[in-house]
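Please open the model in your viewer and keep the selection tool at hand. The stops below are meant to be taken in order.

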Amino acid sequence: MKSYKKIARIDDLIEAETSANDAERSKPYPDIFAAALQKAGNPLPSEVIVVGDTSYDTEAAAKLELQMIGLLCGGTAERELRGAGCIEIYRDPADLLAHYSESPLKVPSRHAKRA
């Protein structure tokens, strides 16, 4: 995992990480998401967005009332991801990145004016 984070230059973006060792059951059970939330300091579900590419991801996220962005690259049909409650759908990670500024992931600038 360390080498992938280094290659992708994302070390400074990762607050916490989990692995299969952190969950008793795999998705569609929410165990891995619950472990990730705990490692991240237990943020409110409204402050979390899951990005996933299968119906198992959406089912697990929904059990914890987490918002979900769906990716079509995992083979799950768009209608299935939308039906499971995804707030947005993108073709793949590159498509999400290309539309990042309009995506739910965009974090408002600290310098942005607030109403």
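Predicted model: local features only at pLDDT ≥ 70, side-chain atom pairs only at ≥ 80, totals over all residues.

Residues are numbered from 1 along each chain as its sequence is written, and side-chain values use heavy atoms, with hydrogens and water left out.

Select helix α3, residues 55-63 (helices are DSSP runs of H or I with at least four residues, strands runs of E with at least two, numbered from the N terminus). Its buried residues are D57, T58, A60 and A61, where buried means under 20% relative accessible area and exposed over 50%, with a 1.4 Å probe and protein chains only. Because these residues cover an arc of only 165 degrees around the axis, they lie on the same side of α3; the arc is taken from the directions from the helix axis to the C-beta atoms.

At the start of α3, show T54, where a side-chain oxygen comes within 3.2 Å of the backbone nitrogen of Y56. After the helix comes E65, with a positive phi near 60 degrees.

Leaving aside residues up to four places away in sequence, S103 touches Y90 and L96 (contact means heavy atoms within 4.5 Å).

Finally, select V107, also found in the segment after α5, which counts as exposed because its relative accessibility is 60%.

Notes: Polar contact = N/O pair within 3.5 Å; in protein donor to acceptor, adjacent residues only side chain to side chain.
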